[in-house]
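Hi everyone, thanks for coming. Please take a moment with the sequence and the model on the screen, and then we'll walk through it together.

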Amino acid sequence: AADIIGDFVNWAQRQFEALGHPETARALAITLVSGVQGAIIMAKAFNDPNIIMTEIDRLTLWIETLPNRKIQIGKVGLKSQTAA
């Protein structure tokens, strides 16, 4: 399990670095993965998949409030969609 979660943390760390957070990327990645993994455990325990969606929404809002972002989440490809 450590290898799988470690790969997820490493991937998330690279994403936070790309978003302009090289100094805190590891800590941010651990927070993100902890939130997702915790939501999965809670959803299973309570047999409520909505817990996952609620936590994903909360984590998305959290990421969008991080300062100095280089990429806007949810905005990728927006120009090509509106130009068509």
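Let's look at the side of helix H2 where Ile41, Lys44, Ala45 and Phe46 sit: these four residues are exposed. Keep in mind as we go that this is a predicted model.

Now turn to the opposite side of H2. Which residues of H2 are buried? They are Ala25, Leu28, Ala29, Leu32, Val33, Gly35, Val36, Ala39 and Ala43. If you look down the axis of H2, those buried residues fall within an arc of 150 degrees, so they line one face of the helix. There is a simple reason for patterns like this: an α-helix has 3.6 residues a turn, so residues three or four places apart point the same way. And what do the buried residues of H2 pack against? Their partners are H1 and H3.

H2 has 22 residues, and at 1.5 Å a residue it should span 32 Å; the C-alpha atoms at its ends are 31 Å apart, which agrees.

Let's step back to the whole chain. It has 4 helices and 0 strands, and from the N terminus on, the elements run α-α-α-α. Of its 84 residues, 24% count as buried. The chain exposes about 6100 Å², and carbon and sulfur atoms supply 61% of that area. Among contacts between residues at least 6 apart in sequence, 47% join residues at least 24 apart.

Next, the inside. In soluble globular proteins, nonpolar side chains tend to be buried together. In this model the largest nonpolar core has 13 residues, and the ones that touch the most other members are Ala12, Phe16, Ala29, Leu32 and Ile63. Helices H1, H2 and H3 each supply at least two residues of this core. Which helix gives the most? That is H2, with 6 residues.

Leaving out residues up to four places away in sequence, Leu32 touches Ala12, Phe16, Leu59, Trp62 and Ile63.

Now follow the chain past the end of H2. The helix is followed by Asn47, which lies in the loop between H2 and H3. For background, most residues other than glycine have a negative phi. Is Asn47 buried or exposed? With 70% relative accessibility, Asn47 counts as exposed.

The buried residues of H3 are Glu55, Leu59 and Ile63. They cover an arc of only 75 degrees around the axis, which puts them on the same side of H3. These buried residues pack against H1 and H2. On the other side of H3, Asn50, Thr54 and Leu61 are exposed.

As promised, back to Glu55. How many salt bridges does a search of the whole structure find? It finds 1, and Glu55 forms it with Arg58, the closest N and O atoms being 2.5 Å apart. The two residues are 3 apart in helix H3, which means that about one helical turn separates them. Glu55 is buried, at 17% relative accessible area, whereas Arg58 is partly exposed at 46%.

Last stop: Leu66, in the loop between H3 and H4. At 14% relative accessibility, Leu66 counts as buried. Apart from residues up to four places away in sequence, Leu66 touches Phe16, His21 and Leu28. Leu66 and Leu28 are 38 residues apart in sequence, and their C-alpha atoms are 9.9 Å apart.

Terms used: Residues numbered from 1 in each chain as written. Predicted model: local features only at pLDDT ≥ 70, side-chain atom pairs only at ≥ 80, totals over all residues. Heavy atoms only, no water. Core = buried A, V, L, I, M, F, W, Y, C linked by side-chain atoms within 4.5 Å. Buried < 20%, exposed > 50% of the residue type's maximum accessible area, 1.4 Å probe, protein only. Contact = heavy atoms within 4.5 Å. Expected span 1.5 Å × (residues − 1). Arc of directions from axis to C-beta. Salt bridge = Lys/Arg side-chain N within 4 Å of Asp/Glu carboxyl O. Areas by Shrake-Rupley, 256 points an atom, 1.4 Å probe, with all protein chains shown as cover.
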